[in-house]
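Please read the following account with the sequence and the model side by side.

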Amino acid sequence: MEKYIRVVSLLLALSLLACGKKEKSTNGKLNIVTTTTMITDMISSIGGDKVSVQGLMGSGVDPHLYKASEGDVTKLTQADVIFYNGLHLEGKLEDVFEKMKHSNKKTIALSDCLAKEKLIVSENFASNYDPHIWFQIDYWIQCVTYAAAELGKLDAKNKEAYLKNASNYIASLKSLKQQNENLVSTLPTEKRILITAHDAFNYFGKLYDFQVVGLQGLSTATEAGVQDVQNLANFIIEKNVKAIFVESSVPKRTIEALQASVQSKNHEVVIGGELFSDALGTTNTPEATYVGMYTHNMSTIVNGLK
């Protein structure tokens, strides 16, 4: 891993020297690079036709394990600004962003706008904070406001357009939150136990009063052991949980192993469907947007646990 970081850092340094500092891309638009699909959706919605956005990670990509390719390095060095999640969601790639910041490259961690006391603390994660902040809709709204303000600083002549687009996007997020609250109210509190492949849904659980249990830790780099599977299987039986869920960016085998363990104890649990955790859905599907992803997840969870 250290060799990887050294190679990427060297490529970035050489490219930065070669490219020099750019204020705008050749088409007159801000050239923006984003990391995760959730951030790509946000920045594209705020920027509209005033910006050019390139996302590094696509549908089904796990940001915890992501490694930049040579093509990604080119995108990063040619960007006017880079938006990323922070809180070590992007793993070692954040070390690269910090190095770029010292080379006059504008890099923005959206999580910087959130008060640390509002974040979920985790002793088992590199940053000590759960990075899956997009599942707390109010936090994501704060990130939208922050991103729009930063874009306005970089491109003052289009500031009003960014603020207007951000306002429209925030309205859709507030509507989503209300829609979610209406749907989850149909699920009795005692049935609100969400079991998934890894701990991506703690902010979701806190917002909608779910007990959330992940087979793996906050990062998918953490492997679940046999004892972890056995313990969770016993928990499912004890709580009479009806459904468990796979994730689009995590191999299904861990949840399938959990289901098999429960069944070996003469108890039945179904796989209630696929949730989108660390990445949005495939391009040109409803789940390819943040609102569509969250709508799908909430519907899948509530229907599965009913």
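When two helices are compared by the angle between their N-to-C directions, angles under 35 degrees count as roughly parallel, over 145 as roughly antiparallel, 65 to 115 as roughly perpendicular, and the rest as oblique. In this predicted model, helix α2 (residues 37-47) and helix α6 (residues 159-184) pack with their axes 7 Å apart and at an angle of about 125 degrees, and α2 and α6 are therefore oblique to each other. On the α2 side the contact involves D41, M42, S45, I46 and G47, which meet A161, Y162, N165, A166 and Y169 of α6. By class, the residues of this contact of α2 with α6 divide into six nonpolar, three polar and one charged.

Among the contacts in the chain with a separation of 6 or more, 69% are between residues 24 or more positions apart.

Helix α2 itself deserves a further look. Nine of the eleven residues of α2 are buried, so this helix is largely enclosed by the rest of the structure. The buried residues in α2 are T37, M38, I39, T40, D41, M42, I43, I46 and G47, and they pack against β1, β2 (51-55), β3 (81-84), α5, α6 and α10. Just after α2, G48 takes a positive phi of about 55 degrees. Leaving aside its neighbours within four places in sequence, T36 is in contact with M57, P63, L89 and E90.

Q78 has its place in helix α3 (residues 70-78), and Q78 is 46 residues from I32 in sequence, with 8.9 Å between the two in space, C-alpha to C-alpha. With a relative accessible area of 38%, Q78 is partly exposed.

How does α6 lie against α5, and at what angle do their axes cross? The axes of α5 and α6 come within 9 Å and cross at roughly 175 degrees, and that makes α5 roughly antiparallel to α6. From α5 the contact is made by I137, D138, W140, I141, V144, T145, A148, L151 and G152, and from α6 by K159, Y162, L163, A166, Y169, I170, L173, K174, L176, K177 and N180. The contact of α5 with α6 has, by class, 13 nonpolar, three polar and four charged residues. One of the α5 residues named here, T145, is found in the helix that spans residues 137-154, and at 45% relative accessibility T145 counts as partly exposed. T145 and A166 are 21 residues apart in sequence, while their C-alpha atoms are 6.7 Å apart in space.

Helix α10 (residues 290-305) has 16 residues and reaches 23 Å from its first C-alpha to its last, close to the 22 Å expected at 1.5 Å a residue. The buried residues of α10 are Y290, G292, M293, Y294, N297, M298, T300, I301, V302, G304 and L305.

The aromatic rings connect α10 with other parts of the chain. The structure holds eleven aromatic pairs. One of them joins F135 and Y294 in an edge-to-face arrangement, with 5.7 Å centre to centre and 80 degrees between the planes. F135 lies in the loop between β4 (106-109) and α5 and Y294 in helix α10, so the pair ties together parts that are 159 residues apart in sequence. At 0% relative accessibility F135 counts as buried, and Y294, also at 0% relative accessibility, counts as buried. The rings of F204 and F210 have their centres 5.1 Å apart and their planes at 45 degrees, so this pair is tilted; F204 and F210 are both buried. Ring pairs link W134, F135, W140, F201, F204, Y208, F210, Y290 and Y294 into a cluster.

Terms used. Residues numbered from 1 in each chain as written. Predicted model: local features only at pLDDT ≥ 70, side-chain atom pairs only at ≥ 80, totals over all residues. Heavy atoms only, no water. Helix = DSSP H or I, 4+ residues; strand = E, 2+ residues; numbered from the N terminus. Expected span 1.5 Å × (residues − 1). Buried < 20%, exposed > 50% of the residue type's maximum accessible area, 1.4 Å probe, protein only. Axes fitted to C-alpha atoms, helices over the stretch in contact; angles between N-to-C directions. Contact = heavy atoms within 4.5 Å. Nonpolar A, V, L, I, M, F, W, Y, C, P; charged D, E, K, R; others polar. Phe/Tyr/Trp six-rings, centres within 6.5 Å; stacked < 30°, edge-to-face > 60°.
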